[in-house]
Amino acid sequence: MLLVDDIQFISGKMGVQEEFFHTFNCLYEAGKQIVITSDRPPLEMLKLEDRLRSRFESGLIADVQQPNMETRVAITRAKAAQLGMILSDEVVEYIAENITANVRQIEGVVKRLTAYRAILGDNIDVEAVKRAIKDVIRVGAYIPTPEVIITETARYFSLDPAELRGQRRSKTTAIARQISMYLMRSLTNLSLADIGLQYEGRNHSTVLASIRKIEDMIRSSSDISNTVRDITSNINSRN
């Protein structure tokens, strides 16, 4: 069996892709199992060769979502039990409410609490958890709404937010709309389909094309890079 994590990092690395292509074919033809993971579907892997993308898409694709609150509570209790700790409901719920994206972060915080236990005994409270969390995540990190992103992008270009959501295709409106889509993807957890709904139901392919265009422009144009940076700053200042 071949197991590969974070396969998206081979995008743009032509030599690695060439070797992986032949490795993939060899194992596939031999009837071996291949399991790969990534932080995005094959369609969204920039600079991935079409021959690899088609092979990735030919398998069973499973979308592993972030664990919900109930699951995070269960994970927190299980990790604590593995380390010989019984945490109060208040402490468990605080961890589960504030660490939402990564199970490894939950495990890291619980491990830190074992160090605090040597000092605090069994008196591990929410304040101890806050200290354990502060270096892992920014509690209450600001995630802007789609409305804020569209409003700030429109304001930067002296446009009406409705113009970004609508069908107007002037050069300025089009670039502003694409930047807002890029920022929505970068600053929120919305899927491509959910982003499209913010723009009169545009499909995910249109959204993806817009995001890719802005990514390319950021790399090639300092003006666009600075524009995206300034709008991002304006958005974050709304916090």
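## Basis of the description

Helices (H or I, at least four residues) and strands (E, at least two) are DSSP runs, numbered from the N terminus. The model is a predicted one, in which local features require pLDDT of at least 70 and side-chain atom pairs count only at pLDDT 80 or more, while totals for chains, interfaces and linings use all residues. Residues are numbered from 1 along each chain as its sequence is written, and side-chain values use heavy atoms, with hydrogens and water left out.

## Loop residues with positive phi

Most residues other than glycine have a negative phi. Ser 158, which is not a glycine, has a positive phi near 55°. Ser 158 belongs to the loop between helix H7 (146-156) and helix H8 (161-165). With a relative accessible area of 68%, Ser 158 is exposed; by definition, buried means under 20% relative accessible area, exposed over 50%, and partly exposed in between (1.4 Å probe, protein chains only).

Glu 200 also is not a glycine and has a positive phi, of about 55°. Glu 200 is placed in the loop between helix H10 (192-197) and H11, and counts as exposed at 54% relative accessibility.

## Helix H2

Leu 52, Arg 53 and Phe 56 are buried in helix H2 (residues 50-58). They cover an arc of only 100° around the axis, so they lie on the same side of H2; the arc is that of the directions from the helix axis to the C-beta atoms. Asp 50 and Ser 58, on the other side of H2, are exposed.

The packing partners of the buried residues of H2 are helix H1 (14-29), E2 and helix H11 (204-220), where contact means heavy atoms within 4.5 Å.

## Helix H3

Helix H3 (residues 69-82) has 14 residues, which at 1.5 Å a residue should span 20 Å; its end C-alpha atoms are 20 Å apart, in agreement. The expected span is 1.5 Å times one less than the number of residues of the helix.

Buried residues of H3 are Arg 72, Val 73, Ile 75, Thr 76, Lys 79 and Ala 80. Because they cover an arc of only 165° around the axis, they are on the same side of H3. Glu 70, Ala 81 and Gln 82 are exposed on the other side of H3. Just after H3, Gly 84 adopts a positive phi of about 75°.

## Strand E2

Val 35 lies in strand E2 (residues 34-36). At 34% relative accessibility, Val 35 counts as partly exposed.
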